[in-house]
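Colleague: I would like to learn how to read features from a model. Can we take them one at a time?

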Amino acid sequence: MRTREEAIDDMILALMYLTRFNDGEGRPFNELAWKNYDFDAMDRLDKEDLIINPKNRYAYLTEKGRERARRMLSELGVKEPGIYKRFEFCEIKPELSDEVVKIEQICFPPNEACTPEHMKARIKVAPDLFLVIKDRENDGKIVGFLNGIATNERIFRDEFFTDESLHEPDGETVMIMGLDVLPEYRKMGLARELVFNYCRKEQARGRKRLVLTCHKEKIKMYRKFGFYDLGESSSKWGGEKWHEMEIRLNF
């Protein structure tokens with residue numbers, strides 16, 4: 001049987017999960033759990049469950065904390081949105097290479113899509129930086145992914161798309177090579193959850209930042225995910241103009 005303090009701690013974690021929202025102030029991943037609450041109770045929680053900024057009195061759930069909260073809510077019979085019931089977010093397996101190559105060709109025009117050769121080479125050198133979404137209701141079909149390579153460079157350059165040898169496993173920055181969600185699976189919140197899962201995973205590994213390039217019309221979307229617009233990029237990938245954006249993971 002749980003003690004009173006253990007019960008309070010468990011319920012705080014569950015309530016933080018249920019009441020999280022975008023803070024609009026540029027905090028990590030732009031997702032605020034709670035502000036100005038009982039930090040004595042939060043201090044009792046496993047530090048693997050929370051990321052706490054005492055100075056600004058903000059707290060964020062780690063992926064472990066989110067999983068624990070979902071498990072407790074399930075035990076209590078509390079229903080939540082079905083994204084995590086239906087979809088699995090996991091690291092890619094080599095045998096899925098052909099499937100993600102097809103998705104890339106669907107999601108990007110020919111001048112912007114990575115070639116099958118470079119996509120497969122990237123999977124070989126950095127599979128841990130290739131996060132996919134599987135649809136459990138459709139035989140585990142891959143419906144989207146986010147992938148990148150690590151580096152200690154700070155500025156995005158087009159060679160990251162074509163030269164996998166630039167990958168530095170212990171690099172502080174992850175250069176995002178692509179965010180793909182199949183058209184029929186869009187407007188379900190999958191892209192946002194994919195980015196947040198990726199951020200939490202790489203933050204826990206000590207990465208400092210994620211960097212990506214996008215078209216001007218996509219800036220608003222990425223801002224909602226917590227990215228900052230750094231202005232027009234020097235990238236000329238696909239003969240297009242791009243904006244460079246970043247999100248800070250560790251300060």
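Modeller: Start with R205. Burial is judged by relative accessible area: under 20% is buried, over 50% is exposed, and in between is partly exposed, with a 1.4 Å probe and protein chains only. R205 has 41% relative accessibility, so it counts as partly exposed. A caution on the source: this is a predicted model, where local features need pLDDT of at least 70, side-chain atom pairs count only at pLDDT 80 or more, and totals for chains, interfaces and linings use all residues. Residues are numbered from 1 along each chain as its sequence is written, and side-chain values use heavy atoms, with hydrogens and water left out.

Colleague: Which residue does R205 meet in a salt bridge?

Modeller: The general idea is a side-chain nitrogen of Lys or Arg within 4 Å of a carboxyl oxygen of Asp or Glu. Here R205 pairs with E202, at 3.1 Å from N to O. E202 has 0% relative accessibility, so it is buried. E202 also forms a salt bridge with R207, with the closest N and O atoms 2.8 Å apart. Both E202 and R207 are buried. Salt bridges with shared partners link D128, K201, E202, R205 and R207 into one network.

Colleague: How many salt bridges are there by this rule?

Modeller: The count is 13. Another of them joins E159 and R157, at 3.7 Å from N to O. E159 is partly exposed, at 40% relative accessibility. R157 is partly exposed too, with a relative accessible area of 30%.

Colleague: How far apart are R157 and W237 in sequence and in space?

Modeller: They are 80 residues apart in sequence and 8.9 Å apart in space, C-alpha to C-alpha. To place W237, you need the elements. Helices (H or I, at least four residues) and strands (E, at least two) are DSSP runs, numbered from the N terminus. W237 sits in the loop between strand 11 (228-232) and strand 12 (243-248).

Colleague: Is W237 buried or exposed?

Modeller: W237 is buried, because its relative accessible area is 17%. Now look at contacts, meaning heavy atoms within 4.5 Å. Leaving out residues up to four places away in sequence, W237 touches N111, E112, A113, D158, F161, T162 and W242.

Colleague: What about the chain as a whole?

Modeller: The protein chain has nine helices and 12 strands. Of its 251 residues, 49% are buried. Among contacts with a separation of 6 or more, 64% are between residues 24 or more positions apart.

Colleague: How do I read a pocket?

Modeller: Rolling a probe the size of a water molecule over the atoms shows where empty space is left. On a 1 Å grid over the protein atoms alone, a pocket is an open set of points where a 1.4 Å probe fits, with protein on both sides within 12 Å along at least five of seven lines; lining residues have an atom within 4 Å of a point. Volume is the space filled by probe spheres set on the points, which are joined across faces, edges and corners. The largest pocket has a volume of about 790 Å³. It is lined by 33 residues, and F108, L179, K218, M221 and Y222 lie nearest its centre.

Colleague: Which strand gives the most to the lining of the largest pocket?

Modeller: Strand 9 does, with six residues.
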